[in-house]
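Have the 3D view open while you read, and click along as we go.

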Amino acid sequence: MIAIGRIGLILLSSCLLPATALMADAAASTRTFYVDFEGGSDDNGGLSPQAALKHCPGDPAAAAKVNEIPLQPGDTVLFKGGVTYRGSIVVNSSGAEESPITFDGNSGRYGQGRAVIDGSEIVSGWQACKSAEEAGGNPNWKNIYWAWLSAPVAPFSSNMYQGEKMCWLAQDPNPRDPFYQDRSDGHRKIVQATANTITDPQVFTQPEADAWVGAWLIVYADPNYAYFVKVTAYDPAAHRVTHSGNLTNPTSYAVLNSLRCLHTAGEYVLRDEQGRQRVFLWPHAAEELLKTGASVSRRGTGFIVAGRRHVVIQGFTIQKFCADEQAAMGVQVSKGEFITVRDNDVRFGNHGRTGGVAHGAGIGVYDGRDVLVENNRVCENRRCCGILVHPAKRCVVRGNLVRKSGYVGIWLMRTAQSQVVGNTVTDNHGVHSNAISIYVDCADILIAGNRVSHADRPLTLQDSDNVFVINNSLVSDTTLAVGLWSGRPHRNLLFLNNLILGPANQGIYAVNKVVTGCTFENNIIGSFFGEAAIEGKTNKFRNNIYLDPRQGLFDASEKKVADDKDLFVASEKEDYHLKAGSPAVDAGADVSGLYPKAAFPDYDFDKDLDGRPRMQGPAVDIGPYEHVPGK
Ligand SMILES: [Ca+2]
Ligand SMILES: [Ca+2]
């Protein structure tokens, strides 16, 4: 029998038995509660599909008697598949060793497909604009529809969607990719500004004193950050707006949330009128809007697991969480122990805060112990991290797909004895967004078997010790592949069998002057570069291949390969497997003695990135993929 307590994460994360087997063992003495948000009622007992509850125990919107149901170790709360549950769930009980409390959104035995936990509410009652005047003079008025909101939402947490199609606060100039609305691409350069004004005779030309009431600005200013500020006054004669910020060295800006910015399908504007709020939208599809409405986010977090132990959350779609001035979270674990978050789709979140640099996350672990975040798909969360762990001990982030996050894909801070393994992180191009970051006093971290592509800065490390980077493909399409940031010295970093490559042969960028006690072996690296070259004496270099012909070699076992076509099957198609005859084949050393097997006994180090046995042919290859002889 699997043991999840003192033996801890070693067995938990090895996942020898699925959770259903755990539940089956305990089933005789435990219960299944059925939740059907569409067909259930809080007057029911919940213990059969016919007597399903509407709300889950722990939802603040549930009837008092539902929230008084004490969930017990071994209980399962089964949500009806295919049903959209509009609510937030605060897990209010703990399971026990071998008997977790399980929240299940896709058991296959109740409803069809996944249950959806949704942070939004539908806005209906849409009407077509009947004149330009009704649309604030907008020449596109024939495409614009409007509706009253039942309660106000803040512009940056409104997070409007038409079904699965994202809408965004109207912006001028139009953002290049509205998902990354806070990027400065296409912003206007600031010519004249103070800490709280912008003067622009090209843009602020309207004679009406109320021309920019309700508008917001995204302003880039020191320290290289996007600030969201509200327009508070407008002086037509001076072509100047005053805003709520107090900014140093503003460099570029965009205007938002004005009908003057509404130029394209997907954009919307929120206006306060007569004590109510009206939304104007140029819909993706007008017929669909009139039939099914659009959604705005009303809740900030899907599942909150605070101070609980032995809880499993699995099989859900968790979407559209965003609230005013809150860090958005699909799943938030705080002060939780022995928590598993598995096989969920966490998507369409957005971050509601306008100030500060704190961001939300699809899945956030705060002060967690023995937490497993496994096989989730965390996708399209704006201004959010994919998976944020800060701080934690024995946290395993494994097998997740993290795609299109607005901020860092997977971020560990103040975390120890933890793993980031077997994840795919891609399409990660937000402001200051690295794909995987290990920062602020992390220690004993395994980064292995991850595939990062189409990302700014696939891996960045700062102020952390004993970080083991093994068998990863870390490819950037924009910039450096690995950043060793400044701070205290980097100590005992181990890089084995990685591909570390950015455009123009960028590789590992070292800001820090002191990188010491580190080992780089069997890697394919674009080059080392940066403000402080890593030096060869206090670090060990063996059997690395560099693609930059200017790269100096640290050790006689290393080589330069000027053309990546000699190494890979088809790098132009992003196929970085080694081709037959590649100088990387059988050119590595056996580094198995360096693997941190004692610290991570459940990880199989003897496989390459494809899961094949590491040793093929007479010797180990360089890079993450072992070439199969004869192929
Ligand atoms: Ca626009
Ligand atoms: Ca080989």
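1. Let's begin in the middle of a sheet. Ser418 stands opposite Ile445 in S40. That pairing belongs to strand S37 (residues 415-421) and S40, which run in the parallel sense over five bridges. Strands here are DSSP runs of E with at least two residues, while helices are runs of H or I with at least four, and both are numbered from the N terminus. Two strands count as paired if DSSP finds at least two bridges between them.

2. A word on what you are looking at. This is a predicted model, where local features need pLDDT of at least 70 and side-chain atom pairs count only at pLDDT 80 or more, though totals for chains, interfaces and linings use all residues. Residues are numbered from 1 along each chain as its sequence is written, and chains are lettered from A and ligands numbered from 1 in the order in which they are written.

3. Back to S40. This strand also pairs with strand S43 (residues 465-470), in the parallel sense and over five bridges. Here Leu446 stands opposite Phe468 in S43. Strand S40 (residues 443-448) is largely enclosed by the rest of the structure, because five of its six residues are buried. Buried means 20 or more other C-beta atoms within 10 Å of the residue's own, exposed means 12 or fewer, and partly exposed is in between, with C-beta atoms placed from the backbone.

4. Which residues have the most contacts inside the largest nonpolar core? They are Val35, Ile387 and Ile447, in a core of 126 residues. Strand S33 (residues 384-389) gives the most to this core, with five residues. A second, separate core has 44 residues, including Ile144, Trp212, Leu247 and Leu262. By nonpolar core I mean a set of buried Ala, Val, Leu, Ile, Met, Phe, Trp, Tyr and Cys residues joined through C-beta atoms within 7 Å. In soluble globular proteins, nonpolar side chains tend to be buried together.

5. Click on Val35 next. If you skip its neighbours within four places in sequence, Val35 is in contact with Gly40, Ala52, Leu53, Cys56, Val77, Leu78, Phe79 and Lys80. Contact means that the C-beta atoms of two residues, placed from the backbone, lie within 7 Å.

6. Now zoom out to the domains. The chain is divided into domain 1 (77-117 + 298-594) and domain 2 (123-296), with bounds that come from an automatic or database domain assignment. Their centres, taken over C-alpha atoms, are separated by 34 Å. Where they meet, 18 residues of domain 1 are in contact with 14 residues of domain 2. The side of domain 1 that touches domain 2 has five nonpolar, six polar and seven charged residues. For these classes, Ala, Val, Leu, Ile, Met, Phe, Trp, Tyr, Cys and Pro are nonpolar, Asp, Glu, Lys and Arg are charged, and the others, Gly among them, are polar.

7. One has 11 strands in the order S4-S24-S27-S30-S33-S36-S39-S42-S45-S48-S52, with parallel pairing. Its edge strands, each pairing on one side only, are strand S4 (89-90) and strand S52 (528-529). Inside that order, strand S27 (residues 329-334) and strand S30 (residues 360-366) pair in the parallel sense over five bridges, and Ser334 stands opposite Tyr366 in S30. The other sheet has five strands in the order S8-S9-S22-S21-S12, with mixed pairing. There, S12 and strand S21 (residues 267-273) pair in the parallel sense over two bridges, with Trp168 opposite Glu267 in S21.

8. Check the backbone at two prolines. A cis peptide bond joins Asp222 and Pro223, with omega about 0°, and Pro223 is in the loop between S17 and strand S18 (225-235). The bond from His390 to Pro391 is cis as well, with omega near -10°. Pro391 sits in the loop between S33 and strand S34 (392-398).

9. Last, a couple of asparagines. Is Asn543 buried or exposed? Asn543 is buried, because 22 other C-beta atoms lie within 10 Å. Its phi is near 55°, a positive value in a residue other than glycine. Asn505 has a positive phi too, near 60°, but Asn505 is partly exposed, with 19 other C-beta atoms within 10 Å.
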